[in-house]
Amino acid sequence: MEHTTRKVFRAIMLLFVFSPATCLFSQSEWEITAENFDTNNYYGITVANGMVGLVSAPEPMKVSEIVLNGTFDTYGRGRVSNILKVFNFADLDLDVDGTRINRKNIRNFRQTLDMKKAVFTTTFDFEDKISVSYSVRALRHLPYTSLIDVSITAKNPVEVVPASVIEAPDILRDVKNFYTVIDRPHAKIPLMTSVANSPTGKYVVAASNSFIFPESKTHYPELIHEDWDYNRHLTKFKKQLKKGEVLNFSIVGSVCSSEDFDDPHNEAERLSIYAMLEGRDRLLMRHHAAWDALWESDIIIEGDPASQKDIRSAIYHLYSFAREGTALSISPMGLSGLGYNGHAFWDTEIWMYPPLLLLQPEIARSLLDYRIDRLEAAKKNAFSHGYKGAMYPWESAGSGQEETPVWALTGPFQHHISGCVAWAMWKYYQVTGDKEWLVNRAYPVIEAVADFWVSRVEKSPDGSYHIINVVAADEWAENIDDDAFTNGIAKEVLGYAIQAAEIAGTSPNPEWKKVGDGLVIHRFKDGTVREHATYEGEMIKQADVNLLAYPLKVVTDEPTIIKNLKYYEAKVDPNGPAMTHAVFSTLYSRLGDPTNAFRLFKQGYKPNENPPFGVLAETAGGTNPYFATGAGGMLQSVLAGFGGLYITDEGIVQIPVRLPKGWKSLKMTGIGLEKKTYEVR
């Protein structure tokens, strides 16, 4: 009965998502538009720049929440640290002839994300009085700063009172609000600022914003500041508009914490002053230039506009959730909210990192820097569990210590994460050929992970090696022995460690080869790989065995790959995580079966789309978007599957593949450090 209910719910969700009334997609291949949508069944879409994420709201001129990357404190789920929800500095109140605008008294309410320019725009009309456009950007070139543009067109004579608001979420403590105007001969700079402590007092958080008026830097309307007693304050002004007159203004807002700055209060104000005096035109010029540079690495499909837009959405979100030079990772939900506490899992290295490595190697390097910087914490984790080397935590946040809630056994037992980290290090070397980086930055991680596996295995009397008592990559398999993926990635990484040691000019530990060669991968009598030592064909949560053929190279013979595919496709929960079907799709592409590859490509994300923008949830019918892990898997099925890109010791190569029916061509631009173009026709 429960399974039937899930099926019905999934069917209803699909009907709603593709209902003409929701108008999920506009005609432009770069725009995702929603209109006539149900505001009670609304899943926001995010504008972000790798540091600050602003999530859209079903209310006009509002964002639902703002999160700050890299700053974690303990609150909410599981008595562990959570990515910080910070001041909302982007909301606007608007009174028109004394009436407050809200979603119930407006019409022609429309919201559009322009992925090329990374701007989210809301438009609407109020009675016969005004038309409004409200646009939000997380500025790509200014990691802590956002730009809000407002345009109000009078249809008849009208009085408008716009109010810029800063509001504190409930989790912030000891909120203090400030307002000042810095008076200079060439400019007056109004600053509205809020400062607070994080939930435990670990950090100080500050946000500041300022108006930009286009007419003149010296002639502002009269600004009125109001400070409320419920963690909210605002700055407003009044304007009489004639029929046909247009009022344009912008708001710049910055947010930061003492994780990154010794004095976040002053720094937030400095950043907003800088942006305000740069002016809107220069801010837009640099923001657009930064995104144009990102989009030089793109995937272009001829013949399937719907898939083209879906793929662009996945790329846009990965680009939005990470940036080079930060040494920050990506959570499964990116910067789309507080999902999974903002922690880093294997989702980063196995699912989101590979497409970024191909499309944006410098962003990929930043994800690796996050792990490199936390090597000592991983070594301490190994020590505390009685092992040598480095044991990376299943859930990682700021410190690099284990952040998995205690009730989840994945924390102490899902050990394949360490292999995933070292695997990702070697992949970066394969793509870039950067020996200096490998020796000085990556090899200490790879070496420590290899030492961990040597200390983690147990030797049988027959000379074989086993990894006992783990949670599998299939997380429904808890406290089992010899998980296929865990043993497989240990084997592969031990081989990479030997290669890396030789490049580093040092002798590899002879135990690495012994253990790598001796690790057991169990099989059924017909040769199908057995998920773990006691697996008997039960339903599984997600891909495990099939990962041995992609992205790993532990299983390479075609008959076994086919057996594993046919066996485990029937065993996977159809409502499981999105990325599993992406692996199946990639493997079918490489086997020369584009029909099944395309079927599974679509199955991996279409049922997971939520209204009104098609943002991806983790599971079909799920409600926790945006699932960046699923986007990463989907992009791998395009780049490594339909596109045939393959990462080898010789760098990026392209193997022969066939496109799905209806795809006339697939072009992948800006690939690797050399920004090459690969094409399949």
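Good morning. One caution before the details: this is a predicted model.

Let's begin with helix packing. Two packed helices are described by the angle between their axes and the distance between the axes. Take helix 2, residues 264-278, and helix 3, residues 280-294. Their axes come within 5 Å and cross at roughly 100 degrees. An angle from 65 to 115 degrees counts as roughly perpendicular, so helix 2 and helix 3 are roughly perpendicular to each other. Who touches whom? On the helix 2 side we have Y274, A275 and E278. On the helix 3 side they meet R280, R282, L283 and R286. By type, the residues of this contact split into 3 nonpolar, no polar and 4 charged.

Now a second pair, helix 14 and helix 16. Their axes are 8 Å apart, at an angle of about 0 degrees. That makes helix 14 roughly parallel to helix 16. Helix 14 brings M579, A582, S585, T586, S589 and R590 to the contact. Helix 16 brings T629, G633, M634, Q636, S637, A640, G641 and F642. The residues of this contact divide into 5 nonpolar, 8 polar and 1 charged. Keep F642 in mind.

Next, helix 15, residues 594-603. Which of its residues are buried? They are P594, A597, L600, F601 and K602. Note that a lysine, K602, is on that list. What do these buried residues pack against? Four helices: helix 4 (305-321), helix 13 (558-569), helix 14 (579-590) and helix 16 (628-642).

On to the core. In soluble globular proteins, nonpolar side chains tend to be buried together. Here, the largest nonpolar core has 215 residues. The residues with the most contacts inside that core are I152, F249, I311, W346 and L666. Let's look at F249. Set aside its neighbours within four places in sequence. F249 is then in contact with L92, I148, D149, V150, I152, P162, F211, I212, F213, P214 and F237. I152 is one of those partners, and I152 is also on the list of residues with the most contacts in the core.

Now the aromatics. A pair of aromatic rings is described by the distance of the centres and the angle of the planes. The count here comes to 37 aromatic pairs. I'll show two. F524 and Y535 form a tilted pair, 6.4 Å centre to centre, with 55 degrees between the planes. Both residues lie in the loop between helix 12 (510-518) and helix 13, so the pair ties together parts that are 11 residues apart in sequence. Is each one buried or exposed? F524, at 22% relative accessibility, counts as partly exposed. Y535 is buried, with a relative accessible area of 0%.

The second pair is F642 with W663. The ring centres are 5.0 Å apart and the planes are at 65 degrees, so this pair is edge-to-face. F642 sits in helix 16, and W663 in the loop between strand 26 (651-654) and strand 27 (665-671). The two are 21 residues apart, and the pair links distant parts of the chain. Both F642 and W663 are buried.

There is also a ring cluster. Ring pairs link Y340, F345, W346, W351, W394 and F485. W346 is in this cluster, and W346 is also one of the core residues with the most contacts.

Last, the backbone. Most residues other than glycine have a negative phi, and most peptide bonds are trans. Here are some exceptions. The peptide bond from Y550 to P551 is cis, with omega near 10 degrees. P551 lies in the loop between helix 12 and helix 13. The bond from P625 to Y626 is cis too, with omega near 5 degrees. Y626 is in the loop between strand 24 (615-616) and helix 16.

Then positive phi. N36 has a phi near 55 degrees. N36 lies in the loop between strand 1 (31-35) and strand 2 (46-48). At 61% relative accessibility, N36 counts as exposed. N108 has a positive phi of about 55 degrees as well, but N108 sits in strand 8, residues 107-114.

That's my tour. Questions, please.

Terms used. Residues are numbered from 1 along each chain as its sequence is written. This is a predicted model: local features need pLDDT of at least 70, side-chain atom pairs count only at pLDDT 80 or more; totals for chains, interfaces and linings use all residues. Side-chain values use heavy atoms; hydrogens and water are left out. Buried means under 20% relative accessible area, exposed over 50%, partly exposed in between (1.4 Å probe, protein chains only). Contact means heavy atoms within 4.5 Å. Axes are lines fitted to C-alpha atoms, for helices over the stretch in contact, and angles run from 0 to 180 degrees between N-to-C directions. Angles under 35 degrees count as roughly parallel, over 145 as roughly antiparallel, 65 to 115 as roughly perpendicular and the rest as oblique. Ala, Val, Leu, Ile, Met, Phe, Trp, Tyr, Cys and Pro count as nonpolar, Asp, Glu, Lys and Arg as charged, and the others, Gly among them, as polar. A nonpolar core is a set of buried Ala, Val, Leu, Ile, Met, Phe, Trp, Tyr and Cys residues joined through side-chain atoms within 4.5 Å. Rings of Phe, Tyr and Trp (its six-membered ring) pair if their centres lie within 6.5 Å; planes under 30 degrees apart count as stacked, over 60 as edge-to-face and the rest as tilted.
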